[in-house]
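Open the structure in your viewer and keep the selection tool at hand. The stops below tell you what to select and what is there.

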Amino acid sequence: MIIIYSHRRFSLAAMSAVSTIKLSSGYDMPLVGLGTWQSNPGEVGKAVETAIRVGYRHIDCAWVYANQNEVGEALKKSIGRIVKREELFITSKIWNTFHSESSCKASVDEILSQLQLDYVDLMLIHWPMGYEEGGDPFPKSDDGTKMRYSNEDYITTWKTLENIVKTGKIRSIGISNFNHKQIDRILNIATITPAVLQVELHPYFQQKKLREFCKDNNIVITAYSPLGNPGSTMFRKEGDPNIMADEVLKEISKTHGKSIAQIALRWEIQHNIIVIPKSVTEGRIKENINIFDFALSETEMATIDKLDQNWRFVDLTFRDSDHPHFPFLEEY
């Protein structure tokens with residue numbers, strides 16, 4: 001069976017847990033990775049080891065998740081025993097308090113130390129907003145309702161990362177939570193164009209205009225919260241929609257003998273979107289990558305395309321909307 005994706009042709013028989021997309025940097029990035037956001041210390045290391053053991057080759061991390069030391073220990077245990085370093089694709093992110101040139105350089109070195117690696121495969125600027133540097137990762141205003149901002153421009157951060165690529169500490173660079181105007185601003189000054197944009201994306205928040213913009217500029221999209229983060233208590237409010245209870249996805253799941261989660265993830269990868277579902281339980285970790293033995297039909301894909309509610313789960317408007325680089329005030 002041949003599946004026609006938007007700009008690539010794949011043989012279903014040839015697809016596996018380590019199927020990849022070629023980045024503009026020349027490197028191959030696995031379509032499915034393990035997300036580590038909201039994975040607690042004491043759990044995340046075991047989850048990473050389990051993921052690598054069952055076939056994952058892509059682990060998504062970030063300094064602000066405060067669990068990279070444990071991820072690093074898991075990588076150290078796995079490399080050479082289960083997998084070679086060159087078979088892994090490790091992503092991390094520069095946090096908002098490290099946007100200046102000196103802080104960005106120091107942050108890259110700290111991330112490598114935490115992960116016990118000589119290089120990361122992909123480094124993203126986590127958010128376009130800069131926060132006050134030199135202390136708390138969440139430097140709050142006196143009344144506690146806002147962050148204290150810095151005057152650092154993400155263009156400085158980008159140029160710093162371009163220079164670090166030359167040292168071999170980073171192979172590919174990209175951005176996260178940027179809107180199309182902010183990406184375009186980077187494209188206008190870049191000597192290395194962004195390889196990846198990581199954003200919230202799932203059947204209820206499909207980001208169609210942003211996806212089209214990235215396709216036109218050869219930027220691959222990674223979807224965080226690709227299942228709408230149904231178990232989160234950080235941003236989810238009472239009454240928020242739940243993808244895992246969607247009747248349309250439920251019917252499609254019955255047709256294929258798969259879970260709703262597997263249908264949602266399959267829909268994303270058939271749109272050439274990389275997914276990084278988070279889990280710390282072995283059964284879910286296995287389930288989330290077991291999506292390469294079936295394909296959704298064109299009709300099923302079109303049906304899921306109609307589920308979009310423009311529902312953003314991770315929304316910092318309440319806190320950061322007055323920052324000059326806040327991304328979510330634009331249409332896309």
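Predicted model: local features only at pLDDT ≥ 70, side-chain atom pairs only at ≥ 80, totals over all residues.

Residues are numbered from 1 along each chain as its sequence is written, and side-chain values use heavy atoms, with hydrogens and water left out.

**Stop 1: His 126**

Select His 126. UniProt lists His 126 under "binding site", in an unreviewed entry. UniProt positions are in the numbering used here, feature names are shortened, and annotations may be inferred rather than shown by experiment.

Where does His 126 lie? Look in the loop between β8 (120–125) and α4 (154–165). Helices (H or I, at least four residues) and strands (E, at least two) are DSSP runs, numbered from the N terminus.

Is His 126 buried or exposed? His 126 is buried, with a relative accessible area of 7%. Buried means under 20% relative accessible area, exposed over 50%, and partly exposed in between (1.4 Å probe, protein chains only).

Now show the contacts of His 126 (heavy atoms within 4.5 Å). Neighbours within four places in sequence aside, they include Tyr 65, Lys 93, Trp 95 and Asn 177. Ser 176 is also in contact with His 126.

**Stop 2: β8 to β9**

Select β9, residues 170–176. Six of its seven residues are buried. β8 pairs with β9 in the parallel sense, over five bridges. Strands count as paired if DSSP finds at least two bridges between them. Find Leu 124: it stands opposite Gly 174 in β9.

β8, α4 and β9 form a right-handed β-α-β unit. Right-handed means that, with the strands pointing away from the viewer, the path from the first strand over the helix to the second runs clockwise.

**Stop 3: on to β10**

β9 and β10 run parallel, joined by two bridges. Pick Ile 175; its bridge partner in β10 is Leu 197. With helix α5 (residues 180–189), β9 and β10 make a right-handed β-α-β unit.

**Stop 4: β11**

β10 (residues 196–200) runs parallel to β11, with five bridges between them. Glu 200 faces Tyr 224 across this pairing, standing opposite it in β11.

Select β11, residues 220–224. Both faces are covered. Val 220, Thr 222 and Tyr 224 are buried on one side, Ile 221 and Ala 223 on the other.

**Last stop: β12**

Select β12, residues 274–275. β12 pairs with β11 in the parallel sense over two bridges. Thr 222 has Ile 274 as its bridge partner there.
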